[in-house]
Amino acid sequence: MKGIEIKSFGNTWDGRKALCWTITNGSGAQLSLTDFGARITGICVPDRDGRMEDVVLGFDTAEEFTQKGRYFGTTVGRYANRLAGASFRLNGSVYKLYANKGTNSLHGGKSGFDDKIWKADITGEDSIRFTYESADGEEGYPGKMDVTVCYRLTEENEVEITYRAVSDKDTIINLTNHAFYNLKGHGNGSILGHKLKLYSSFFTPVNADMVPDGSILPVKGTVMDFTGLHPIGDQIDKTDEQLRLAEGYDHNFILQKEECGSLSKAAEVVEPESGRTMTVFTDQPGIQFYSGNLMKPCTGKGGREYGKRDAFCLEAQCFPNSMEVTHFPTPVLRANDTYEQKTVYRFGICRDKEKGE
């Protein structure tokens with residue numbers, strides 16, 4: 001039935017109570033969200049035969065996310081992806097961050113936005129708004145920042161995510177959603193047969209620490225070329241230094257933009273067997289494609305088993321390590337200016353099983 005249902009989502013690892021909201025649209029598609037990390041816990045959409053399946057990996061309680069998959073579905077911040085040396089320079093000052101990935105800071109540090117209980121408000125029959133006040137100095141970042149993330153499930157089976165933030169000091173910000181997808185349905189095996197197209201002609205290579213080295217390379221004729229729709233697994237195990245470093249794909253792709261800041265198509269995914277498709281639109285300059293290379297075997301929601309390369313991520317973002325590489329888009333948010341970002345995941349159907357497109 002169309003509307004919003006609220007239920008308990010258990011406790012977090014340290015005993016904080018969490019809730020879960022499920023939005024159902026007129027056709028029966030569902031979007032489930034929790035205030036723990038302002039995260040997506042489920043998206044149920046139909047296959048070509050009308051069968052509903054949850055296409056997002058996750059867990060049955062808040063505590064399990066910390067134990068088994070910290071970033072699954074979460075709002076990542078203040079800075080998604082990596083910052084080299086767990087520090088950055090702004091206005092002549094050096095800000096030290098928590099190094100939680102070797103010598104680098106990853107996804108906001110030791111206790112990023114994924115570990116917070118956000119305030120939730122129902123803003124309509126199809127939308128939830130999460131808000132969080134990040135204190136000045138939290139995880140080393142300057143400025144008191146008020147952050148808002150709004151989720152909406154449309155009648156066209158689109159999940160719209162709108163971000164907004166204001167800081168009282170100059171700071172940096174790079175927000176994204178880190179949902180892990182399998183269009184066959186969560187726990188239904190590998191995603192290597194999913195077909196992917198990225199609207200990108202260039203990517204940012206990484207060094208041994210998985211941090212962009214500052215160069216920008218064309219994808220044409222390389223294992224990074226997804227300019228045409230083809231299976232994720234086609235070249236994933238080929239001999240290539242970038243694939244070796246990431247154990248597959250975990251790279252930032254530079255999106256083709258007709259206009260800076262405009263909402264445009266970033267990626268298309270087709271799962272040939274089920275017929276489910278996902279199209280990503282964003283106003284961000286980059287998208288991180290991750291092929292689930294480092295996923296550890298674990299039991300997910302409903303007792304389903306997850307393992308290596310059983311999900312993919314498409315994270316709209318500013319480029320990783322943008323403070324070190326000055327020719328990358330800037331993540332600086334000036335005091336009292338407003339950060340705004342929008343990303344849309346549209347779910348659909350491909351009817352032609354033979355072509356898978």
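Cys298 is buried, its relative accessible area being 13%, where buried stands for under 20% relative accessible area, exposed for over 50% and partly exposed for what lies in between (1.4 Å probe, protein chains only). Cys313 is in no disulfide, and the nearest cysteine sulfur, that of Cys298, is 13 Å away, while a disulfide is taken as a pair of cysteine sulfur atoms within 2.5 Å. Cys313 is also buried, with a relative accessible area of 0%. A search of the whole structure finds zero disulfides.

## Basis of the values

This is a predicted model, in which local features need pLDDT of at least 70 and side-chain atom pairs count only at pLDDT 80 or more, whereas totals for chains, interfaces and linings use all residues. Residues are numbered from 1 along each chain as its sequence is written, and side-chain values use heavy atoms, with hydrogens and water left out.

## Aromatic pairs

The structure holds 21 aromatic pairs, counted for rings of Phe, Tyr and Trp (its six-membered ring) with centres within 6.5 Å, and classed as stacked for planes under 30 degrees apart, edge-to-face for over 60 and tilted for the rest. In one of them, the ring centres of Phe130 and Tyr151 are 6.0 Å apart and the planes stand at 80°, so the pair is edge-to-face. Because Phe130 belongs to strand β12 (residues 127–134) and Tyr151 to strand β13 (residues 145–153), this pair ties together parts that are 21 residues apart in sequence; strands here are DSSP runs (E, at least two residues), numbered from the N terminus. Both Phe130 and Tyr151 are buried.

Ring pairs also link Phe9, Phe59, Phe65, Phe72, Phe180, Tyr290 and Tyr306 into a cluster.

Terms used: Helices (H or I, at least four residues) and strands (E, at least two) are DSSP runs, numbered from the N terminus.
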